[in-house]
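Colleague: I would like to go through this structure feature by feature. Please give the general idea each time, then the case here.

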Amino acid sequence: ITKITIQMPKEALWGEAFGRIGTWDAKQTPAAAAAVRLVTDDAGRVTAIRGGLRTGTGNIRRMFPLEKALKNKAITEENMEKAICMMTSPAQTGSDAQNLSALLRELLQHARAMAEERRSL
């Protein structure tokens, strides 16, 4: 055998991540959990993205502002910052807003890295 070729389908250019902050016990620090899945094209632009966010004891809600901010764009630091700002509300202050921002940034970076790694296979 001198060569082996493996065809990678376009679906392989996706990445996903899940993370949480705090504990699920409502008596202690309110938990926040988020998940994101994205699909990128050959140039690294986001062609599809879906995200879900749960904060405190609330229900899971889609991250439509973040999705809209990143759709058809590369996940650069500037684009991530804009998208994350759209997800943090003025009601969230101090460490809550910082923790949520850090969680979303980590998830986006991880999902992007996973998609890039799949592209290099």
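Modeller: A charge sits over a ring if NZ of Lys or CZ of Arg is within 6 Å of the ring centre and within 35 degrees of the ring normal. Keep in mind that this is a predicted model.

Colleague: Which residue lies over the face of W14, and at what distance from the ring centre?

Modeller: R37 does, at 4.3 Å from the ring centre. R118 also has its charged end over the ring of W14, 3.9 Å from the centre.

Colleague: How many aromatic pairs does a search of the whole structure find?

Modeller: In general, a pair of aromatic rings is described by the distance of the centres and the angle of the planes. Here the search finds zero such pairs.

Colleague: Back to R37. With which residue does R37 form a salt bridge?

Modeller: The partner is E16, with the closest N and O atoms 3.5 Å apart. R37 is in strand β2 and E16 in strand β1, 21 residues apart, so the pair links distant parts of the chain. R37 counts as partly exposed at 40% relative accessibility, and E16 is partly exposed at 34%.

Colleague: How many salt bridges are there by this rule?

Modeller: The count comes to six. Another of them joins E77 and R105, whose closest N and O atoms are 2.9 Å apart. Because E77 lies in helix α2 and R105 in helix α3, this pair ties together parts that are 28 residues apart in sequence.

Colleague: Where do E78 and K82 lie?

Modeller: An α-helix has 3.6 residues a turn, so residues three or four places apart point the same way. E78 and K82 are both in helix α2, four residues apart, about one turn. Their side chains meet in a salt bridge of 3.3 Å, N to O. E78 is exposed, at 53% relative accessible area, while K82 is partly exposed at 48%. Salt bridges that share partners also join E77, E81 and R105 into one network.

Colleague: What do the buried residues of α3 pack against?

Modeller: They pack against β1, β2, β3, α1 and α2. Among these buried residues are L100, L104, L108 and A115. The helix α3 itself has 27 residues and reaches 39 Å from its first C-alpha to its last, close to the 39 Å expected.

Conventions: Residues numbered from 1 in each chain as written. Predicted model: local features only at pLDDT ≥ 70, side-chain atom pairs only at ≥ 80, totals over all residues. Heavy atoms only, no water. Phe/Tyr/Trp six-rings, centres within 6.5 Å; stacked < 30°, edge-to-face > 60°. Helix = DSSP H or I, 4+ residues; strand = E, 2+ residues; numbered from the N terminus. Expected span 1.5 Å × (residues − 1). Buried < 20%, exposed > 50% of the residue type's maximum accessible area, 1.4 Å probe, protein only. Contact = heavy atoms within 4.5 Å. Salt bridge = Lys/Arg side-chain N within 4 Å of Asp/Glu carboxyl O.
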